[in-house]
Amino acid sequence: MSTYNDAELTNSVIKEGDVVEVSDGWRFAPEYNPSERKRLTGIPTQAAESPEAREIDLEPYANQRIRVRGLHNHSDWVYSARIAED
């Protein structure tokens, strides 16, 4: 289970997109820019560990449309990410 601080949840957004296959696994392709391939991590942006340490496995969502809450930035990662329930 990920821990979220209030500031990050306040600044987080929900984005919808597809889970698509790439050469090394599954990535989130946000609806606002479907050519992007984002990785999801449960860690906050200022954590003292690498985002890979808590990467969210997207294989269970393969070829599905999902909603993701998290901090989207200009990197390949969505931080403090979690799959949003409908």
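Before I go on, a word on what you're looking at. This is a predicted model, where local features need pLDDT of at least 70 and side-chain atom pairs count only at pLDDT 80 or more, while totals for chains, interfaces and linings use all residues. Residues are numbered from 1 along each chain as its sequence is written, and side-chain values use heavy atoms, with hydrogens and water left out.

Back to Glu55. Which side chain does Glu55 meet in a salt bridge? That's Arg39, at 2.9 Å, N to O. By salt bridge I mean a side-chain nitrogen of Lys or Arg within 4 Å of a carboxyl oxygen of Asp or Glu. Glu55 sits in the loop between β3 (39-40) and β4, and Arg39 in strand β3, so this pair links distant parts of the chain, 16 residues apart. The strands here, like helices, are DSSP runs numbered from the N terminus: at least two residues of E for a strand, at least four of H or I for a helix. Arg39 is partly exposed too, with a relative accessible area of 23%.

How many salt bridges does the structure hold? Seven. Another one joins the side chains of Glu16 and Arg65, at 2.7 Å, N to O. Glu16 lies in strand β1 (residues 13-22) and Arg65 in strand β4, so parts 49 residues apart in sequence get tied together. Glu16 is at 32% relative accessibility, partly exposed, and Arg65 is partly exposed at 39%.

Then there's Arg54 with Glu49, whose side chains meet at 3.7 Å, N to O. Arg54 comes in at 30% relative accessibility and Glu49 at 37%, so both count as partly exposed. As for networks, shared partners join Glu16, Asp18, Glu31 and Arg65 into one.

Now for the inside. The largest nonpolar core has 10 residues in all, among them Trp26, Phe28, Leu40 and Ile83. A nonpolar core here is a set of buried Ala, Val, Leu, Ile, Met, Phe, Trp, Tyr and Cys residues joined through side-chain atoms within 4.5 Å. Which elements give two or more residues to this core? They are β2 (25-30), β4 (65-72) and β5 (77-83). The one giving the most is β5, with three residues.

Definitions and conventions: Buried means under 20% relative accessible area, exposed over 50%, partly exposed in between (1.4 Å probe, protein chains only).
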